[in-house]
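Subject: Handing over the structure, with notes

Hello,

Here is the structure I promised to pass on to you. Please have a look at it first, and then read my notes on what turned up in it.

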Amino acid sequence: MNVFQQKGSQSPNSAVPVQDSTNIAIQGNVQIEDDRTGMSIETLKRAFADNLFYLLGKDESNATLRDYYNALAYTIRDRLLHRFVKTGRTYYEENVKVVSYFSAEFLMGRHLGNNLVNLGIYDKVRQVVAESGLDLEELIEQEPDPGLGNGGLGRLAACFLDSLASLEMPAIGYGIRYEFGIFHQALRDGWQAEIPDNWLLFGNPWEIARPEDSVEVKLGGHTETYHDDKGNYRVCWISDRSVKAIPYDTPVPGYKTNTVNSLRLWKAEASEEFNFEAFNAGNYDRAVEEKMSSETISKVLYPNDNTPQGRELRLAQQYFFVSASLQDLIRIHLHLYPSLDNFYERSAIQLNDTHPAVAVAELMRLLIDEHGMDWDQAWDITQKTLAYTNHTLMPEALERWSVKLFGKMLPRHLEIIYEINHRFLEDVKTWFPDDEDLLGKLSIIEEGGEKQVRMANLACIGSHAINGVAALHTELLKKDTLKAFAQLWPEKFFNKTNGVTPRRWILLSNPLLSQLVTEKIGDGWLKDLDQMRSIEKYTDDPEFCRRWREIKQQNKANLAAYIKKTRNIDVNINSIFDVQVKRIHEYKRQHLAVLHIIHLYNRIKKNPSVEIVPRTFIFGGKAAPGYFMAKLIIKLVNSVAEVVNKDPDVRGRLKVVFLPNFSVSLGQKIYPAADLSEQVSTAGKEASGTGNMKFAMNGALTIGTLDGANIEIREEAGAENFFLFGLTAEEVYQMKAEGYEPREYYENNQPLKEVLDRIAKGYFSHGDTRLFQPIIDSLLYDDPYMLLADFQAYIDCQEAVSQAYQDQAKWTHMSILNSARMGKFSSDRTINEYCKEIWDLQPVQIDIEAYNQTGAAIRANT
C-alpha cells in the first residue's frame, strides 16, 4: 500500500510548498504558461497527456503503466531542462570553477520521486496523476533502480551530487553508463542467484545522449619517441585499438533551488561500427567483432576479476571513463581560455577511491603529449587539480595492477608512472637519505614476484589533498594504511566524515515523520539538518511521542506488507525490527547476528516457555559473485530462517527474513521501519558507513562497535542512546599481535559452543555437516574478524536492547534524540567542508527568467 495514502499520511511536499512563478507570463489579465515548463495543475495534466500521445505514440486504449510512467517522467524532465540549460549557460558565461566528481559508481536510486521532491511539486503531480485515473506510487514503482552502483561508494556519490546542487555549487559527476548493473539478486534454495540487471531494457527517459561530444579513447599498442619542431623530446602513443566514448547527461536538481547540475556517463562504442568489407566477404562475425569488443567496456558494473580477462576489462573500464572525462574537461576549458595554464583554477577533480586514480597519469599524458606542456608545469597542474578520497583500511582492497597488464593496456601511462615514481623517489632520497625502507613503502611500483602498480600510492603522490571518510578512518589511515605518506605530507590529509542527503533519506523515504517534524519546527531542517535538534524539547510531550510511535508502527506495517508480498512471511509489527542491510562481507559480520539468532533459538528449544522479547531479524545485501564465504553467509541466513520460522516452539517470537536485491528503493522502505540498526563490523575495518546514518535519522537505535562513523554517531546521539559492545580497534590489533586463539572462546563459552555445534551438526542444513563447515573452520581456527572474541559482549548488549524496548516511553525518548542529533551527518555539511577546505569552490546562483511568449522562439546564431 502507498505510504503517502495511508490514513493521516502526507506526501513528501505536503508541508514544504514551493512557489514558482517563473513559468508564467502575464498578458493583460490572462496568465499564459509554457506547456513544457508550467507548474499549474492544468498545464501539468495537458503536458502529461501530450507526452503520452506525441512522444510515446500511445493513448488510453493501449497505454501500459510503464507508458504512463514514461510520459510523466518526460513531463517532469521538461521542467528540469529549463533549469538545466540555464545552469550550464551560467557556469559557462561566468567562467566559474567547477568540481568534477570521478566515480566508478553512482547509485542514484529512482529519479521520479526524488525529482518531484526537489522541484517541490510532489502534491501537484499526485493530484494530476489521480485526476488522470492513476496512482502516483504505482507509476514510481515502474522505474527500475539505475544499475550504476553497488554499495556505499556509489550511494555516497549520489548524495554528494544532490547536496552540490542543493548548495548551488557548480559540479558535474563523471562515470560509466553501465548497460547492466552488478546483477539482480534472486534466491534459489537459499543461495544467491545472479541474474542480469538489464535496467536499460525499456530505455531511460531521464538521460540525454550527446554524441556530438564523443571522444576517442585509445588502448594497447606501443610508444615511439621523436623531437618536435623546437627540438623537444616527445613521445607518441601508437595504440592498436580505440573506443568511442559517447556521453549521456542526466539532470541532477537541487532542493528548492534553480540549480540543476549534470551527471555525465560514458557509453563505449566501436570507432568503426561495422566492417563492411568483412561482411561482403561473408565473414559476418568479423563484421561486428570490433563493435562487440568495444561495447563490452561499458557493459557490466564490476565484471568478475578472478580471471585475466576480467582484470583486463576492469582496468579498461577505469581508464575509459577517466580518459573520456579528462578530454571532456580540457575541451570545455579550451572553449573558454586560450591555454591550459590555468586549468587547475577552473577545475577541481575529486577521485572517489582508487578506481579513477589512473587520472594522475592520464592528465599528465594529455598535458605533455597532446598539448605540448613541459613536465614540471604539467605536474604542478596535475597535483593542484586532483584530490583523492580513500574508502578502505584493508590493504587487500587497495587496487594493484600487474606491471605486465598495465604495460599491455596502457604502455604510455606505464612510462609516465615510472617517471613520476623516479622523480618522486629521488626527492625522497634527498629528504630522507638514510631510510631505504621508506622508499619501498612510498614507491608506486611494488617489487616482488610480480611487479605491481599501487594505485593508492599513485593517487597520494598525484593529489594535493587526501581524505578519509570518518574520524577514526582518517586517523587509522595516517597511523597505518597510508602512514608513510602522512609522515611525508601531514598537511595533505583531511577528514571528511561522510553524510547522506535528508531529502531522499527522510523527506522522500519517511513522509509521515517529515510532516510531524515540519509541523513543529518548520521546513528549514531540510537544508540545515542541525535544526532537527529543535525537536528535542518534545521528548517529554506525550502527544508528540504518541505520534512518533504511531509513525514508526505505520512504517513497520508497510514493510511487513512488503515482506508478506515478496517473501510470503508474516511478521509481527510489535516485535523489534532488528535490521542489517549492507553489502555482504565477513568483516561486516552479518554472521555474528546469525549466531545471536541461534543463541535465542537454543534458549527456546531448552525451555519453550522462556520469556523472549519478540524480534524480526531482517537482512539484505549482495555478495560479490566470486566471494564464496559471503555467499555461504547468505545461505546460512536463509537456512536458519527456514528452521526458525517454521518451528512451532518459537511461536512467532523470532522471525528471520532475507530481502533479496537490496537497492536504494528497497532501502527507502526499510530504514524508516527499523527499530534497531546493526552496525557490528570489526573495529578498525569499516571506513565510515552511511546506512548507519540513514537508520539513525529515521529514529532507529544503533547496536554497534567503535568503528567507522559509529563513533561519531554515538558522540552526537549520546552514549546513553547507543548500544555499544565489542573490542576497540586498538584491542583488536593487540590481541592479534599477542596471538589470538579463537578456539579458546569456543571451549570456554558454553552458549557459544552450543551455537556453533548446532550449525556444525547439520541442524540447519538437513543433516549435511559439510555445507557450513567452511564458516565453522574459519571461526574456530582463524576468525580474522574476531566474532568469537566479541560474541558474549554482543549477546549481553542485545539483552540490554530487549530490556530497553520493553519500556516504550524510554525507547521513544531515545529514538527521538537519535533523529534530532544527526545534523552532522547531512551530506550538505560534508560537501560544504570539501568546498571550503579542498576544492576552493563558491556557490553560484542560477536565475530563471519568467516565461515570455515572444522570447520563446529560436534565434539561431549562424
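A residue is called buried when its relative accessible area is under 20%, exposed when it is over 50%, and partly exposed in between, using a 1.4 Å probe and protein chains only. Please keep in mind that this is a predicted model, in which local features need pLDDT of at least 70 and side-chain atom pairs count only at pLDDT 80 or more, while totals for chains, interfaces and linings use all residues. Residues are numbered from 1 along each chain as its sequence is written, and side-chain values use heavy atoms, with hydrogens and water left out.

**Some single residues**

Aspartate 647 counts as buried because its relative accessible area is 12%. Aspartate 647 sits in the loop that runs between α24 (628-644) and β22 (654-659); helices (H or I, at least four residues) and strands (E, at least two) are DSSP runs, numbered from the N terminus. Leaving aside residues up to four places away in sequence, aspartate 647 touches Tyr601, Lys605 and Tyr763, where contact means heavy atoms within 4.5 Å.

Histidine 591 belongs to helix α23 (residues 590-606) and is buried, at 6% relative accessibility. With residues up to four places away in sequence not counted, the contacts of histidine 591 are Glu586, Ile633, Leu779 and Leu787. Histidine 591 and tyrosine 627 are 36 residues apart along the chain, and 15 Å separates their C-alpha atoms.

Glutamate 138, in helix α5 (residues 136-140), is partly exposed at 42% relative accessibility. Its C-alpha atom is 8.7 Å from that of tyrosine 69, which is 69 residues away along the chain.

**Two backbone angles to look at**

Most residues other than glycine have a negative phi. Arginine 589 has a positive phi, near 65 degrees. This arginine 589 is in the loop between β20 (576-581) and α23, and it is buried with a relative accessible area of 0%. Aspartate 783, which is not a glycine either, has a positive phi of about 45 degrees. You will find aspartate 783 in the loop between α31 (773-781) and α32 (787-806), buried at 1% relative accessibility.

**The cores**

A nonpolar core here is a set of buried Ala, Val, Leu, Ile, Met, Phe, Trp, Tyr and Cys residues joined through side-chain atoms within 4.5 Å. The largest one has 125 residues, and among these Phe406 and Trp839 touch the most other members. Helix α10 (residues 308-336) gives the most to this core, 11 residues. If residues up to four places away in sequence are not counted, phenylalanine 406 touches Leu315, Val358, Trp401, Pro411, His413, Leu414, Ile417, Val453 and Met455. There is also a second, separate core of 82 residues, which includes Leu44, Leu116, Tyr538 and Val657.

**Cavities and a pocket**

On a 1 Å grid over the protein atoms alone, a cavity is a set of points where a 1.4 Å probe fits but cannot get out; a pocket is an open set with protein on both sides within 12 Å along at least five of seven lines, and lining residues have an atom within 4 Å of a point. Grid points are joined across faces, edges and corners, and a volume is the space filled by probe spheres set on the points.

There are six cavities of 30 Å³ or more, and the largest cavity holds about 120 Å³ of space. Its lining has 13 residues, of which Met108, Asn114, Asp162, Val252 and Arg504 are the closest to the centre. Helix α3 gives the most to that lining, four residues.

The second largest pocket has a volume of about 850 Å³. It is lined by 30 residues, and those closest to its centre are Gly88, Tyr91, Tyr92, Ile172 and Ile332. Elements giving two or more residues to this lining include α2 (65-93) and α10.

**Cysteines**

How many disulfides does the structure hold? There are zero, a disulfide being a pair of cysteine sulfur atoms within 2.5 Å. Cysteine 835 is buried at 2% relative accessibility, and its sulfur is too far for a bond because the closest cysteine sulfur, in cysteine 159, is 15 Å away. Cysteine 236 is partly exposed, at 30% relative accessibility.

Best wishes
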